[in-house]
Amino acid sequence: MNASTLPDVEQARFNMVEQQIRPWDVLDEKVLAALSKVRRELFVPPALRSLAFSDLEIPLQINAVDTRETMLAPKVEARFAQELLLAPTDAVLEIGTGSGYQAALLATLAQQVTTVEIDSRLVAFAQQNLQMNNVANVKIETGDGRNGWGTTEYDAILLTGSVPVVPDGLKYQLRIGGRMVVVVGTAPVMTACRITRTTAASFETVNLFETVIKPLRGATVSQFKF
């Protein structure tokens, strides 16, 4: 592909992949193809669309209201997609939908994505974005999925926010051979890990890279005691 002949938006997307994402060890051709296919700029709040391909987190402001959530930096989203080791037949569970962009990337690489979002404003925003981009194999559900979601087992699970410890409820929703990618720890020290379920009762963990992302949001629990 001759980058010099691309329209401005495609030039910016090309530069994002070549200058931010490849240098971050994202080299899987299927993931790189998904990054070229999914139109990231259409998942960004309209007022911030000029930042769509920047190497930073983008605030998710919806109708001028700050949800206090962000789109992760493109290189982190791409690395998450690669580290899940997805096959075209995989069923994926994502906890933390945000803008819907990560789910759309995963949906390009897998058969079906179920994504869970606690903030109803983001559910509506993500649904609108996925429809606009003709992504039909993502199902958004509303609720707090930090400790598990339903009883279905999945081939892959992604948490898009950090957790202090890995929730057992989600680990046991992996099929045998299934992989979870999760950022574990508290700021300023966090590690992205891939956890593979090797048998009914055992798991193998590989540390992938250091990063710092916002904690996964859950339902607020009152600390009041009688």
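Q: What do the side chains of Arg79 and Glu83 form?
A: They meet in a salt bridge, N to O 2.9 Å. Keep in mind that the model is predicted.

Q: Where do Arg79 and Glu83 lie?
A: Both sit in helix α3, residues 74-83. They are four residues apart, about one turn of the helix.

Q: Are Arg79 and Glu83 buried or exposed?
A: Both are buried.

Q: Which residue does Arg194 form a salt bridge with?
A: Glu83. The closest N and O atoms are 2.7 Å apart.

Q: Which parts of the chain does that pair link?
A: Distant ones. Arg194 is in strand β8, residues 189-197, while Glu83 is in helix α3. The two residues are 111 apart. Arg194 is buried, as is Glu83.

Q: New topic. What about Lys171 and Asp168, how far apart are the closest N and O atoms?
A: 3.7 Å, and the pair forms a salt bridge. Both residues belong to helix α6, residues 168-171. They are three residues apart, about one turn of the helix.

Q: Why is Lys171 called buried?
A: Because its relative accessible area is 18%, and buried means under 20%.

Q: And Asp168, what is its relative accessible area?
A: 48%, so Asp168 is partly exposed. The exposed class starts over 50%.

Q: Which residues are linked in a network of salt bridges?
A: Glu10, Arg13, Arg39 and Glu41.

Q: Last one. How many salt bridges does the count come to?
A: 18.

Key:
Residues are numbered from 1 along each chain as its sequence is written. This is a predicted model: local features need pLDDT of at least 70, side-chain atom pairs count only at pLDDT 80 or more; totals for chains, interfaces and linings use all residues. Side-chain values use heavy atoms; hydrogens and water are left out. A salt bridge is a side-chain nitrogen of Lys or Arg within 4 Å of a carboxyl oxygen of Asp or Glu. Buried means under 20% relative accessible area, exposed over 50%, partly exposed in between (1.4 Å probe, protein chains only).
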